[in-house]
Amino acid sequence: MTLKSVLTGAISGAVIAVSMPASAETQLNVITGGSQNMVEYVTDYLGPLFEEKYPGVKVRVTGTGPGDAGSQKILEKLEAQSAAGKEQWDIDVIVAAQKKTGEMKEMGLLADFRGNIETGKMVTRETAENALGVYVGGYVMPMFHSQTAIAYNPALVPNPPESYDELREWVKKYPKQFGYNGIKNGMSGVAFVTGWMYTYAGDAKTLQSGPYDAAKKETWAQAYADLKAFNENVTFTPGNAGTLDMLNRGEIVMGPVWVDMFYSWQGDGRIPPNLKLKLIAPGMPGQPYYYATPAKAANKELAEKFIELATSPAVQAEGIVNRFNWYPGIDADHVKASLDEKVWSKLFTDVTPLELAQKGKPFPIGPYFDDIKEGYEKQVSN
């Protein structure tokens, strides 16, 4: 798909409004957490696309590094400008991880902008409203969603479990054929454990949204005991990549993975092309990266137009799905018309948009997340 065709598709999708005049000196400052590929996405693709739409605007991007540490640097920069009493801040668009974006919103560092852009109507997942217990509705647009699911070999597992309940019975019949990494060396295992606790600890909604009650963890003993019994019939893997490696070698036939990593490995020929995915009920967690604009961005309107373009169906299709195998930040049904049928079939056949909406869960709020991991160490690992 060419730069021109993507831009044309975005305009025809009615998500870019009238052109906005900008002086030749206008610089839109974007700061992004994440790995280097997040920086390159803006410098090589999204930035030039925006500059073509708005002549006279130059997009400048700075990377701060992956994980919460990278997003913390963004928070600190905004906090410093706020403390200095500056009327205009020199960051227009931020791209940040879920936890730190929620903290920025709580600190009053972000603008309420989503109602000003057309694509704001295209988000449906709960993570657009809730960032690990912090209400962020209006203040963020998801750039993409990373999602976990169960990978399996259909030649050996023609009827995979549909739920955690069915999986518990399956491992009893086929011991050591399911593998995951516990809560060490990778978040795919942590996500699996989180999904288990949502299923069996009770009141998953409170775990995801709060309020926090320290006494709640005292009611989780049976869930942990059942997970410890479950673990007697599983094979432990070295981590995210280790689960995929063991699937490739046939040492296990099923295990939790990150969907984007699964498809990237499959595209590179590192795992067999016949492996498939199942998002089991009642669901498993994933996490977004967010676009947001600071409370006192110097170029507020341009920042909103940038986010609107970045979250348009055509750009989400080409930039997010085609390039990275991520799930789009907007509802997938809005992206379908902009995707090649083969790409859609690859990414949305095993896990449909409806399943994503119903069974794609957020991670717990911070205190409950810490309690879950601590309880696993004390009651399951030992």
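Modeller: M38 sits in helix 2 (helices are DSSP runs of H or I, at least four residues, numbered from the N terminus). This is a predicted model, where local features need pLDDT of at least 70, side-chain atom pairs count only at pLDDT 80 or more, and totals for chains, interfaces and linings use all residues. Residues are numbered from 1 along each chain, and side-chain values use heavy atoms, leaving out hydrogens and water.

Biologist: OK, is M38 buried or exposed?

Modeller: M38 counts as buried, because its relative accessibility is 4% (buried means under 20% relative accessible area, exposed over 50%, partly exposed in between, with a 1.4 Å probe and protein chains only).

Biologist: What is M38 in contact with, leaving aside neighbours within four places in sequence?

Modeller: T32, G33, V95, M143, F144, Y289 and W326. Contact means heavy atoms within 4.5 Å.

Biologist: Switching to packing, at what angle do helix 2 and helix 12 pack?

Modeller: About 150 degrees, with the axes of helix 2 (residues 36-53) and helix 12 (residues 313-324) 12 Å apart. Axes are lines fitted to C-alpha atoms over the stretch in contact, and angles run from 0 to 180 degrees between N-to-C directions.

Biologist: Which residues meet there?

Modeller: From helix 2, N37, Y41, Y45, L46 and L49; from helix 12, V315, E318, G319, I320, R323 and F324.

Biologist: And how many residues of helix 12 are buried?

Modeller: 10 of the 12, so helix 12 is largely enclosed by the rest of the structure. Among them are P313, A314 and V321.

Biologist: What comes just after helix 12?

Modeller: N325, with a positive phi of about 60 degrees.

Conventions
Helix = DSSP H or I, 4+ residues; strand = E, 2+ residues; numbered from the N terminus.
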